[in-house]
Amino acid sequence: MLTRWAILLVVLLIASTSGASAHGVADDGQITATLRVLETVVIVAAVVLYARGIIRIRREIGSDRVISRSQTLAFALAMSLFVLILSPPVDEITDALFSAHMVQHLVLILFIPPLLVWSRPALVAVWGLPRRWRKDFATAGFMHWLRSAIYWLMHPLIVAPLFLGAFCFWHLPRPYAWALSNEWLHTAEHLSFLVTATMFWTLVIEPSGRRRMGYIPTMLFVAAIAVLSGLPGALMILSPVTLFAAHGHASVTWGLAALEDQQIAGVIMWVPAGIFFLVPIAWLFFKAMQPAERRRAVGHAVSIITVVCLLPVTLTGCSESTSDAVRSSNRALARGKVLIGKYGCGTCHTIPGVDNATGHVGPPLAGVADRIFIAGMLQNNTENLTKWIRDPQSVVPGNAMPVMGVKPGEAQLIAAYLETLHDEK
Ligand code: HEC
C-alpha cells in the first residue's frame, strides 16, 4: 500500500515539473529543454524499474524481507527530492542566488545519495528487468569484469579522493563559473556529485551487510571527509571579496549583496553540512556498540584507550618510583649515619661524615667500602658487613670490638652508609 502511494507521489511530482518546464523552454534555450527531457526520462524509467522490481520481489519471494518498507520509502523520497531540486522554480532561484545553489548541491550530495543507497536500486532494478534479460544479465561474461571493476573503484582510498575531488573542484570559483555558463557542464557537475556521493554513502551504509570497512574505521573515514569537505565553505566565508561572481548581481533582486550571498553560501556549506556528518558518525558508533560488534570494537577501543591513558601514568609512575627510590635511599643513608652516632661507633673509629667520630681504638673506616676483607677475615660484602656490625665477636672471637646489640634492620642501614665510604683518590 505504502509503495503504491510513494510511486503515485513521484509520478505526480514528475508530471507537475515536466508541465512547468514547458513554460521555461522558450528562454532556457534548446539545451536546457533537451536536458530536461532527458532528466525526466531517466527519472521515470528509474521509478518504473524500481516499482516493477519491488512488485516482482513481493510476488516471487514474498514479504518485505529483501527490501523493507523503509527502503521503498527512501527511494520514493530520493526521487521526489530529485524532481524538486531540478524543477524550474527551484532552478530559477539557484540561478539567481549562490546560497540557494549551494543548498541544491548539498541535497544532491548529502540527502539523495544516502536515501538511494539505502533503497538498494541496483538489486531492485535487476528484478524489475524482464525475466529473460535478468538471466542473460546474471550470466553475461562482462558481469565478472564489471563486478571486479566496481570492487576496485569502491576502495576507500579511491572513493575519498574522487568524492572530495568532485566536491572541492566544482566549488572553486573558476570551475563553478564554467558550470554556470554551460548547461552540459552543469549537468556533468551534478552527475559527478551524485556518482561520487553515492560511492561514498555506499561505503558508509553498506545496505548489503558486506562491509568494506569495520564500523569504527568507517567512522574515522566519515570524520576525515567531514573535516576536509568543509574547506570550500571556509573559503567562501573568509574571503573578503566576491569570488563567485558568476551569478552577477542577480542576488540584488533577492535583497542580498553578492558578497553577503557568498557568505551565506559558505555558512551553509560549512556548518549544517558539517553537522550533518554527525548523523552517520553517531549511527556507525551505535552499530559498533551492538552485541556482535561490541566485543571486537570494545577490544580495539579498550586497547587504544589503555595505551593512551596508561602512557602518562606509567611514565609518571616510573619517574615517581625512581625518585622514590632515590629519596628513600637518601633517607636510609641519613638513618644509618644517625645510628652510627647513637651506637657510639665514633668513639673507636674515625668515620667521615659523622660528627665527633674521631676514635682510634679500631681502624679508621674511611675507604672501608674498598677493602677486600673485613677485619682481615670476612669477604667484604653487604651481608658480611651487616653480620660484623651485629656480632663481631662471632667472626673474630676476642677482638676489641664489642657486641653492641645492633638490630638486624639497623645493621643494614649502618652497612649501607659505610658502603658509601670509598678511598679518596
Ligand atoms: C670499643 C671500640 C669499638 C667500637 C665502639 C666499635 N668498633 Fe668497630 N672495630 C673496633 C676494633 C678494635 C676493630 C678491629 C677488629 C679487628 O680487626 O679484629 C673494629 C673493626 C671494625 C670494622 C672492620 C674494619 C676493617 O677495616 O676491617 C668495622 C667495619 C667496624 N669496626 C664498624 C664498627 C661500627 C659500625 C661500629 C658501631 C656500631 C663499631 N665498629 C663500633 C672497635 C670498635
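Let me start with the shell around the ligand, whose residues divide into 20 nonpolar, six polar and one charged. Please keep in mind throughout that this is a predicted model. Of the 27 residues around the ligand, the ones that come nearest are Cys 345, Cys 348, Gly 362, Ala 400 and Met 401. Two helices, H16 (382–390) and H18 (408–418), each supply at least two residues of that shell.

Turning to the chain as a whole, we have 18 helices and two strands, and of its 425 residues, 28% are buried. If we take the contacts between residues at least 6 apart in sequence, 69% of them join residues at least 24 apart.

Now to the interior. In soluble globular proteins, nonpolar side chains tend to be buried together. Here the largest nonpolar core has 58 residues, and those that touch the most other members are Ala 78, Met 79, Phe 82, Phe 163, Phe 200, Ala 265 and Met 269. Helix H4 gives the most to this core, with eleven residues. Apart from this core lies another, of 17 residues, which includes Ile 340, Cys 345, Val 368 and Ala 415; Cys 345 is a residue we have already met, as one of those that come nearest to the ligand. Returning to Phe 82, if we leave out residues up to four places away in sequence, Phe 82 touches Ile 43 and Ile 112.

Which helices do the buried residues of H13 pack against? They pack against H4 (98–119) and H12 (231–238). Helix H13 itself covers residues 258–276, and its 19 residues reach 26 Å from the first C-alpha to the last, close to the 27 Å expected at 1.5 Å a residue. Its buried residues are Asp 261, Gln 262, Ile 264, Ala 265, Gly 266, Ile 268, Met 269, Trp 270 and Ala 273. As background for reading such a list, an α-helix has 3.6 residues a turn, so residues three or four places apart point the same way.

Helix H3, residues 88–96, has Asp 91, Thr 94 and Ala 96 buried, and the buried residues of H3 pack against H2 (69–86) and, once again, H4.

Let me finish with three individual residues. Arg 120, in the loop between H4 and H5, has a phi near 50°, which is a positive value in a residue other than glycine. Is Arg 120 buried or exposed? Arg 120 counts as buried because 21 other C-beta atoms lie within 10 Å, the cut-off for that class being 20 or more.

Glu 206 also has a positive phi, of about 45°, although Glu 206 is not a glycine, and this residue is found in the loop between H10 (183–205) and H11 (215–228). With 15 other C-beta atoms within 10 Å, Glu 206 is partly exposed.

Finally, Leu 123 sits in helix H5, residues 121–128, and counts as partly exposed because it has 16 C-beta neighbours inside 10 Å. Leu 123 and Tyr 50 are 73 residues apart along the chain, and their C-alpha atoms are separated by 9.1 Å.

Technical notes: Residues numbered from 1 in each chain as written. Predicted model: local features only at pLDDT ≥ 70, side-chain atom pairs only at ≥ 80, totals over all residues. Near = placed C-beta within 6 Å. Helix = DSSP H or I, 4+ residues; strand = E, 2+ residues; numbered from the N terminus. Nonpolar A, V, L, I, M, F, W, Y, C, P; charged D, E, K, R; others polar. Buried ≥ 20, exposed ≤ 12 C-beta atoms within 10 Å, placed from the backbone. Contact = placed C-beta atoms within 7 Å. Expected span 1.5 Å × (residues − 1). Core = buried A, V, L, I, M, F, W, Y, C linked by C-beta atoms within 7 Å.
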